[in-house]
Number of protein chains: 4
Amino acid sequence: MGNTFGHLFRITTWGESHGGAVGVVVDGCPPRLALAEADIQAELDRRRPGQSRITTQRQEEDVCHILSGVFAGQTLGTPISILVWNTDAKPQHYAPFQHLYRPSHADYAYDAKYGIRNWQGGGRASARETIGRVAAGAIAKKLLREQCGTEIVAYVKQIHKIYADVDPTTVTQEQVEANIVRCPDPACAEEMIGHIEWARRQGDSLGGVVEVVARQAPAGLGVPVFDKLEADLAKALMSLPASKGFEIGSGFAGTALTGSEHNDPYEMRHGQVHTRTNNSGGIQGGISIGEPLLMRVAFKPTATIAQAQETVTDQGEAAILEAKGRHDPCVLPRAVPMVEAMVALVLADHYLRQRGQCGT
Amino acid sequence: MGNTFGHLFRITTWGESHGGAVGVVVDGCPPRLALAEADIQAELDRRRPGQSRITTQRQEEDVCHILSGVFAGQTLGTPISILVWNTDAKPQHYAPFQHLYRPSHADYAYDAKYGIRNWQGGGRASARETIGRVAAGAIAKKLLREQCGTEIVAYVKQIHKIYADVDPTTVTQEQVEANIVRCPDPACAEEMIGHIEWARRQGDSLGGVVEVVARQAPAGLGVPVFDKLEADLAKALMSLPASKGFEIGSGFAGTALTGSEHNDPYEMRHGQVHTRTNNSGGIQGGISIGEPLLMRVAFKPTATIAQAQETVTDQGEAAILEAKGRHDPCVLPRAVPMVEAMVALVLADHYLRQRGQCGT
Amino acid sequence: MGNTFGHLFRITTWGESHGGAVGVVVDGCPPRLALAEADIQAELDRRRPGQSRITTQRQEEDVCHILSGVFAGQTLGTPISILVWNTDAKPQHYAPFQHLYRPSHADYAYDAKYGIRNWQGGGRASARETIGRVAAGAIAKKLLREQCGTEIVAYVKQIHKIYADVDPTTVTQEQVEANIVRCPDPACAEEMIGHIEWARRQGDSLGGVVEVVARQAPAGLGVPVFDKLEADLAKALMSLPASKGFEIGSGFAGTALTGSEHNDPYEMRHGQVHTRTNNSGGIQGGISIGEPLLMRVAFKPTATIAQAQETVTDQGEAAILEAKGRHDPCVLPRAVPMVEAMVALVLADHYLRQRGQCGT
Amino acid sequence: MGNTFGHLFRITTWGESHGGAVGVVVDGCPPRLALAEADIQAELDRRRPGQSRITTQRQEEDVCHILSGVFAGQTLGTPISILVWNTDAKPQHYAPFQHLYRPSHADYAYDAKYGIRNWQGGGRASARETIGRVAAGAIAKKLLREQCGTEIVAYVKQIHKIYADVDPTTVTQEQVEANIVRCPDPACAEEMIGHIEWARRQGDSLGGVVEVVARQAPAGLGVPVFDKLEADLAKALMSLPASKGFEIGSGFAGTALTGSEHNDPYEMRHGQVHTRTNNSGGIQGGISIGEPLLMRVAFKPTATIAQAQETVTDQGEAAILEAKGRHDPCVLPRAVPMVEAMVALVLADHYLRQRGQCGT
């Protein structure tokens, strides 16, 4: 069941990087939502490889096909099956790694778990697996936008040691998409791009932080105790490849404040209860309160690097790995739509759950 | 379904802080595990209020009763129901807050979600809810220890701006329990205790970081894609009250490394594949590899403080809140057994899931 | 997870017949439903042993206690925990069966599965387990009645070879409760009672059929494909102890009709689409259409009988079993509230699921 | 979530009869099971339309494509995605029904639930949806056969008022496949075929009963309380299109026996505990005991008939329906592989669940 996510708005993804195709089944989407392949393709294009000089040079167009669940331009309420063919798989690139465990990749872990792995690519651990998430997330986003007015914007907040300055309450997707690194701080973006190009030339890679804000999410989403909204968001985002940390609101930095500094005082604005500050990140007691949801996700530097590395073979012999594959020197720019998708999936699911239990 | 956690080793908790009782039902525990109330009580005693001068002065003995699922000292494989009566509830303490939203508490959130709340205490948002988790976690811990040799140790790593120095590969529970702040760095522990007492005198509160290590966890736990082991651990730990951040292995700090610095080279030790470093935190591709699982959780400063605070009433009028309740000036020492419990619950569940799918 | 039922309106039962107590946790109930212990007790009284001369002579009052989830007479939206103490357990009655497998009981099955069993009673296979279902069902019934006007009435349709004549479209609970066998056909009821008393005198037992109708259930409940409404109803009712068969609408008898005889023609009545006949039993394509839901459940004769029976010991030796326990010579009268409860649980869950996905 | 079935061996089906394709995702299959498209195709060929003169004349070859989860002839443990294109869809056949509710079809039910339906065919209510079940069931069958020696054989037991005589303990698939009606009683089969042809000439349709036996299923499968093996089997089989009843072991007929007649005495055979009779149908207390699992499913006569029928339009006007579509005058022969598939899916899931909880 590890490939299914959500309770009412529920997705199941499938596909290896080098099998025939990858895809997703979206079950539980409300009926009569206008939906076309173009809605999904727009998000896939933000995710696809080869979109700029700082991403992998793999060239996959990742054209989506809706195979079920939509009729005459509207969702039917039945499962929406979306498929993307694998077109640029080059399994021969992976032949040298058939018996070698690439450091900080999933090769050894899969062998330890399953006793078998598809060594012709990353298998389910490939970033290609995220196509299904982004496709399903496009539907969730549309649902939230049309029925709740919710707007989800993610962006690169940090690359290696370069930190951007962004106001999450006003940042727009246009600002994010204005440059190839997806950082809405233009000066900082330039620096980041240069640094990523430097890393690629070194045969090395970089990590960083993606920040995401969801504005106009309804109050009342999330369920005590285990399905607190931040818990489900944490799971969603920590399930993305290469993520190593998650925080909401004040996060780790909030531990350096006292309670009197950290608490968010309530006040009335426009006849509505609001908090003056937002250290809570829009969630209290596991339930959204109508303030912007604000989170950050740490991504490690890409495990695939061109430099030689020590490792062992699947027979337990020491070996040297020299990778030749096409890869991203920094996953952050392409992670932006993935982060948005996962946030949308959690919110859509909790929106339907809240409507189910509480009728609103 | 928000009160149920796990798939095969599955728990359901119930109970408000000021209803009759709190409890948990553990479903799916393997049969024939030796189990007595004493196994559970030992962990509850580490969690209970009033255990030291730096915790809340609420005095609740939190005596557990096993009502089903155990026969002649062994688990039956059927649901284990555990109940703890509420004995020191003082609802009159909460009367002043009946119509006041306490800042950074769940009061307003519950009203927004349910249109009703039990104002005589924290309801499900009370730390008292964690009794069920800790009780169930005691069973999970015992299962893992007896069947896998797994050892889970959590400890206070940071309080406010005081950082401890601890070696996660060797730290023992005895070292953790050696002082009331549960920090195994003795000098640092003294400083932390003094700082917590200072905060209490100020009518203020402090947050910090709990670190947790699981040693000898089997390789192969965790399922791609959504139920990656770190994703389920993140959800588990972010579902604890007051948690604001989660990281595994190198976490947020890892974003300041390059790939060549961050990757964990493989090597053979004692005839077994190991990694030389552990930036991965024991998980690769969402699957445990047999290295120590290492995580950190950020807890915000306790929301209940004695200082006066601005807020609004449930009628939307500005008001001043002056709390009189008994509370922890710092939740970290009592959070230690909660963190261990949640980690144990995730590992026990994935241990059974792995045995189910892969037979080992 | 075998002890949890439902997705949004979700219950978890626990308890052996001879442990300390039995109970249920109801998670996901909508908030602000008026609820008191009396609502639940009324249904438990219909289920409890010793209520008449044709039921078991065990005397258990089965007093329910609500331990959480209700505040000031209303549901909170949080888990409702209900507990009933075991008061009349007589484990010594079961000592002779410690090593004997009672025919057509679960003894051998539990040993084969778990390698252990609570031989002091029926364990989870005891009819006592159904207390939790009936208690939770009382809440589901109230929810459906208040929010949808749904009325669920079950009754004894057949005992052994005695068949009652009942009109499901008009039968009332008052008619059902008018006699101790719960058969609303008075003449037939008399005959059934006499026959049950005869069976008891023979040291034997009888089975039969319970029929249940749900009137005014909303249209649109049930989800293609696997969670068809009749599929979930079948599971619910086949999970009751001693049930051996389920049918809906025309059921098995419908196989003797041709399609032109069996199809239900549509017609308009009171401005609403209706079917002229109801061979479908109120469900088409897995989805309720607003017609009465009509089902039947077959219950085998009680496995506990006083006559001597051949069996084997847990060491594989031939043996003769002579039961002395107190038991029902016919479970049907007490099964009536259980059947109503299970139908209510399925409908309540699908009602919330439909509201979640489709907003109505 | 209505399109997902199973907990550990979990399938999700998708696809309308007249969208682009239908398919299934199988999640949780154990790794290293030998698997090829031919394994699946063999079962699909038993299900496909147009296979004989007594099935629908739709001609669809239903060629399956495995798109993921299999590598070098073995399962990977990751999701197996199987797709079958829709090739013979003739939506123009359905144009007359765009605004007409076909009696005893799902048309009105879907409109009541979703407010929209794909009128170009049966949508998710089409028998075409069962392709995914049969494909997934082929994998489950292979897993059970190879790891447990379990053999599942279904066959037509009754058509209209014609009843076959079959010994479930010895019947083979070869006997079942020996004639086009899939009834292993040859004389009876002839009669059934003639009767089906008569019904088709009348523009009418027939129903009947499929019986299914699973031999050599392991003891210990099934979980008290709600996930009793017979409960999950009932749900599985009642989720098939056109099913109206389910019974196990003695079923409804068992209600005419007394307890002393119905109980299955234990005895030793070949050093193993067995029951002398099998009124229990191989399950006691919800748990398999190693005896043959024996069930029957009632299928109503096909709703699509050629005779004129009264109905209403989606505007509430009386109308006459005259169907022209290609359809099965009797679904029973094609239901046989569907029934086997559903039984296999339940057993495979419980086999993995049992291994997870109890380690065997």
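Tutor: Start with chain B and chain C, which have 12 residue pairs in polar contact, both residues at pLDDT 80 or more. Keep in mind that this is a predicted model.

Student: How many salt bridges between chain B and chain C?

Tutor: Zero salt bridges are counted between chain B and chain C.

Student: Which elements of chain B supply residues to the side that touches chain C?

Tutor: β2 (10-14), β3 (21-27), β4 (64-68), β6 (74-75), β7 (80-85) and α2 (107-114) of chain B each supply at least two residues. β2(B) gives the most, with four residues.

Student: And how do the residues on that side of chain B divide by class?

Tutor: The side of chain B that touches chain C has 19 polar, 16 nonpolar and six charged residues.

Student: What area is buried between chain B and chain C?

Tutor: About 3300 Å². Carbon and sulfur atoms give 65% of that area. In residues, 41 from chain B are in contact with 41 from chain C.

Student: What rotation superposes chain B on chain C?

Tutor: A rotation of 180°, with 0.0 Å of shift along its axis. The RMSD is 0.0 Å. That is the relation of a two-fold axis.

Student: Which residue of chain B comes closest to the rotation axis?

Tutor: B:Thr12, with its C-alpha at 3.9 Å.

Student: OK, over to chain C and chain D. How many residues does the contact take from each?

Tutor: Chain C gives 102 residues and chain D gives 102 residues. Between them, the two chains bury about 8000 Å², with 61% of it on carbon and sulfur atoms.

Student: How many salt bridges between chain C and chain D?

Tutor: Six. One pairs C:Glu310 with D:Arg276, where the closest N and O atoms are 3.3 Å apart. By class, the side of chain C that touches chain D has 43 nonpolar, 38 polar and 21 charged residues.

Student: And polar contacts there? How many residue pairs?

Tutor: The count is 48 residue pairs between chain C and chain D, both residues at pLDDT 80 or more.

Student: Which strands join across chain C and chain D?

Tutor: Strand β11 (residues 243-248) of chain C joins β11 (residues 243-248) of chain D. The two run antiparallel, with three bridges. In that pairing, C:Gly245 stands opposite D:Glu247.

Student: What about the symmetry of chain C and chain D? What rotation superposes them?

Tutor: A rotation of 180° superposes chain C on chain D, with 0.0 Å of shift along the axis and an RMSD of 0.0 Å. The copies meet through the same surface, because 100% of the interface residues of chain C are also interface residues in chain D.

Student: New topic: the fold inside one chain. What order do the five strands of the open sheet in chain A take?

Tutor: The order is β1-β2-β3-β7-β4, with antiparallel pairing. β1 (4-5) and β4 (64-66) of chain A are the edge strands, each pairing on one side only.

Student: How many bridges join β3 to β7 in chain A?

Tutor: Six bridges join β3 (residues 21-27) to β7 (residues 80-85) of chain A. Within that pair, A:Ala21 stands opposite A:Trp85.

Student: Back to salt bridges. How many over all chains?

Tutor: The whole structure has 96. One of the pairs is A:Glu340 with A:Arg46, whose closest N and O atoms are 2.8 Å apart. A:Glu340 lies in α8 (residues 332-358) of chain A and A:Arg46 in α1 (residues 37-47) of chain A, so the pair ties together parts that are 294 residues apart in sequence.

Student: Last one: the hairpin of β17(D) and β18(D). Which residue takes a positive phi?

Tutor: D:Gly316, with phi near 80°. The hairpin has five residues between its strands. Four bridges join β17 (residues 309-312) to β18 (residues 318-321) of chain D, and these strands run antiparallel. D:Glu310 has D:Ile320 in β18(D) as its bridge partner.

How values were computed: Residues are numbered from 1 along each chain as its sequence is written. Chains are lettered from A and ligands numbered from 1 in the order in which they are written. This is a predicted model: local features need pLDDT of at least 70, side-chain atom pairs count only at pLDDT 80 or more; totals for chains, interfaces and linings use all residues. Side-chain values use heavy atoms; hydrogens and water are left out. Contact means heavy atoms within 4.5 Å. Buried area is the accessible area (1.4 Å probe) that two parts lose on being put together, summed over both. A salt bridge is a side-chain nitrogen of Lys or Arg within 4 Å of a carboxyl oxygen of Asp or Glu. A polar contact is a pair of N or O atoms within 3.5 Å; within protein, one must be able to donate a hydrogen and the other to accept it, and residues adjacent in sequence count only if both atoms are side-chain atoms. Ala, Val, Leu, Ile, Met, Phe, Trp, Tyr, Cys and Pro count as nonpolar, Asp, Glu, Lys and Arg as charged, and the others, Gly among them, as polar. Two strands pair if DSSP finds at least two bridges between them. Copies are superposed by least squares on the C-alpha atoms of residues with pLDDT of at least 70 in both.
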